[in-house]
Amino acid sequence: MTSGVGHGRGKSLVVGTINWSRIFSMTSEMFICLIVWTSGLHPWLQMFVPRKVNVFLWRFRLDSLPVRWLISAKGIDIHSIVCPVCNNEVETRDHLFFGCTLALDLWRRLRMWLNCAMPNFSSWDTFIVWIEGVHLSNIQKKRVIAYMVTLLWAMWRYRNGVVFNDVFCNRNSLFDLIRLLCFRWIKNRGHLVSNWNSWLAIPL
Ligand SMILES: [Zn+2]
């Protein structure tokens, strides 16, 4: 019977017969599997983007991101339910990510860059229907989804910058940042062999 406590870098934390490090690791993996499963995507998405983005996508799919409409609907006093980005519509999830002026502009830029017949999406579900039926190879579909999820993630970060720090950034710079994140995340996970310039020219 194993007993005692192990400490320090690279050592497992063992108390009695229980290896807590192993349990924490297994729990984390199970959590990520749950996120991917409930996101409606294939398990390989977690290989393309960081875990924090998978978690974001999970909350996005459940419509649990704290947009102003949702905060108000929970009975919490809030000074405004108007979208902080465009100041023109109620801030719901689907408005912020698909109907807002910023979203429409970023989706247009993504369509032009990918050079594929991507329609205007009104929701995540309309995107899923499109990606399942579109004539692209599996690797191309994986990349499109990774780019789209990165776009959503960047929009949420941008929105939070506006709300909490009153920071508005140039849309050209924002789209450049989205492409840079896509490149780094996919390449760092060993799913991209081309260099920055060739990938930029042929992202699919
Ligand atoms: Zn808006």
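Helices (H or I, at least four residues) and strands (E, at least two) are DSSP runs here, numbered from the N terminus. This is a predicted model: local features need pLDDT of at least 70, side-chain atom pairs count only at pLDDT 80 or more, and totals for chains, interfaces and linings use all residues. Residues are numbered from 1 along each chain as its sequence is written.

**Whole chain**

Start with the protein chain in cartoon view. It has 10 helices and 2 strands. Along the sequence the pattern reads β-β-α-α-α-α-α-α-α-α-α-α.

Next, colour by pLDDT, the predictor's confidence in each residue, from 0 to 100. The protein chain averages 81, and 76% of the residues score at least 70. Now select residues 1–14. Their pLDDT is below 50, and beyond near neighbours in sequence this stretch has 17 contacts in the model. Two residues are in contact if their C-beta atoms, placed from the backbone, lie within 7 Å. Where pLDDT is low, the predicted coordinates should not be read in detail.

Two totals before zooming in. Of the 204 residues in the protein chain, 23% are buried. A residue is buried if 20 or more other C-beta atoms lie within 10 Å of its own, exposed if 12 or fewer, and partly exposed in between, with C-beta atoms placed from the backbone. Among contacts between residues at least 6 apart in sequence, 46% join residues at least 24 apart.

**The core**

Select A146, V149, L151 and M155. These have the most contacts inside the largest nonpolar core, which has 32 residues. Such a core is a set of buried Ala, Val, Leu, Ile, Met, Phe, Trp, Tyr and Cys residues joined through C-beta atoms within 7 Å. Show α3 (51–61), α5 (93–99), α6 (101–114), α8 (138–165) and α9 (171–188): each supplies at least two residues of this core. The largest share, 11 residues, comes from α8.

Centre on L151, in helix α8. L151 counts as buried because it has 22 C-beta neighbours inside 10 Å. Leaving aside neighbours within four places in sequence, L151 is in contact with L106, L110 and I178. Then pick L181. L151 and L181 are 30 residues apart in sequence and 9.5 Å apart in space, C-alpha to C-alpha.

Select α3. V53, N54 and L57 are buried in this helix. They lie on the same side of α3, because they cover an arc of only 105° around the axis; the arc is that of the directions from the helix axis to the C-beta atoms. On the other side of α3, R51 and K52 are exposed.

The axes of α3 and α8 come within 10 Å and cross at roughly 80°. That makes α3 roughly perpendicular to α8. Axes are lines fitted to C-alpha atoms, for helices over the stretch in contact, and angles run from 0 to 180 degrees between N-to-C directions. Angles under 35 degrees count as roughly parallel, over 145 as roughly antiparallel, 65 to 115 as roughly perpendicular and the rest as oblique. Show side chains where the two helices meet: V53, F56, L57 and F60 in α3 against V149, L152, W153 and W156 in α8.

**Loops on either side of α4**

Step past the end of α3. D63 follows this helix with a positive phi, near 55°. Go on to L65, in the loop between α3 and α4 (68–73). L65 has 17 C-beta neighbours inside 10 Å, so it counts as partly exposed. Beyond four places in sequence, the contacts of L65 are R59, F60, R93 and W156. L65 and W156 are 91 residues apart in sequence but 9.1 Å apart in space, C-alpha to C-alpha.

Jump to I81, in the loop between α4 and α5. I81 is partly exposed, with 16 C-beta neighbours inside 10 Å. Not counting residues up to four places away, I81 touches R68, W69, S72, V90 and E91. I71 is 10 residues from I81 in sequence and 8.5 Å from it in space, C-alpha to C-alpha.

**Two asparagines**

Stay in the loop between α4 and α5 and select N87. Phi of N87 is positive, near 55°. N87 is exposed, with 10 other C-beta atoms within 10 Å.

Last stop: N115, in the loop between α6 and α7 (124–133). Phi of N115 is also a positive value, near 55°. N115 counts as exposed, with 10 C-beta neighbours inside 10 Å. Most residues other than glycine have a negative phi.
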